[in-house]
Amino acid sequence: MPNVKKLIEKMKQQPNGMRTEEIDKVLAAYGYIPARQKGSHKHYLNRE
């Protein structure tokens, strides 16, 4: 989880500088799973 906290701080400082892999890691830590993708748009579902 410490790595996720660093990514969240990065999101706050420079949201346009995030890679999709980093965002996926943060969302997975909070219980979201990828549901589908159409082009560059991804949809997530919360497992809880």
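This is a predicted model: local features need pLDDT of at least 70, side-chain atom pairs count only at pLDDT 80 or more; totals for chains, interfaces and linings use all residues.
Followed from the N terminus, the elements come in the order α-α-β-β. With the C-alpha trace on display, the chain spans about 25 × 25 × 15 Å along its principal axes. Colour by accessibility next: of the 48 residues, 12% count as buried. If contacts are drawn for pairs with a separation of 6 or more, residues 24 or more positions apart account for 10% of them.

**The two helices**

Select residues 2-13, which form helix α1, and then residues 20-29, which form helix α2. Two packed helices are described by the angle between their axes and the distance between the axes. Here the axes of α1 and α2 come within 10 Å and cross at roughly 120 degrees. That angle is why α1 is described as oblique to α2. The crossing of the two helices is left-handed.

Now show the side chains where the helices touch. On the α1 side, select Asn-3, Val-4, Leu-7, Ile-8, Lys-10 and Met-11.

**Glu-22**

Is Glu-22 buried or exposed? Its relative accessible area is 10%, under the 20% cut-off, so Glu-22 counts as buried.

Next, bring back Arg-19 with its backbone atoms. The Glu-22 side chain reaches the backbone nitrogen of Arg-19, at a distance of 3.0 Å.

Which residues does Glu-22 contact once its neighbours within four places in sequence are left aside? Select Leu-7, Lys-10 and Gly-17 to see them.

For a last stop, select the C-alpha atoms of Glu-22 and Val-4 and draw the distance between them. The two residues lie 18 residues apart along the chain, and their C-alpha atoms are separated by 8.6 Å.

How values were computed
Residues are numbered from 1 along each chain as its sequence is written. Side-chain values use heavy atoms; hydrogens and water are left out. Helices (H or I, at least four residues) and strands (E, at least two) are DSSP runs, numbered from the N terminus. Buried means under 20% relative accessible area, exposed over 50%, partly exposed in between (1.4 Å probe, protein chains only). A polar contact is a pair of N or O atoms within 3.5 Å; within protein, one must be able to donate a hydrogen and the other to accept it, and residues adjacent in sequence count only if both atoms are side-chain atoms. Contact means heavy atoms within 4.5 Å. Axes are lines fitted to C-alpha atoms, for helices over the stretch in contact, and angles run from 0 to 180 degrees between N-to-C directions. Angles under 35 degrees count as roughly parallel, over 145 as roughly antiparallel, 65 to 115 as roughly perpendicular and the rest as oblique. A crossing is left-handed if the near helix is turned anticlockwise from the far one by less than a right angle, and right-handed if clockwise.
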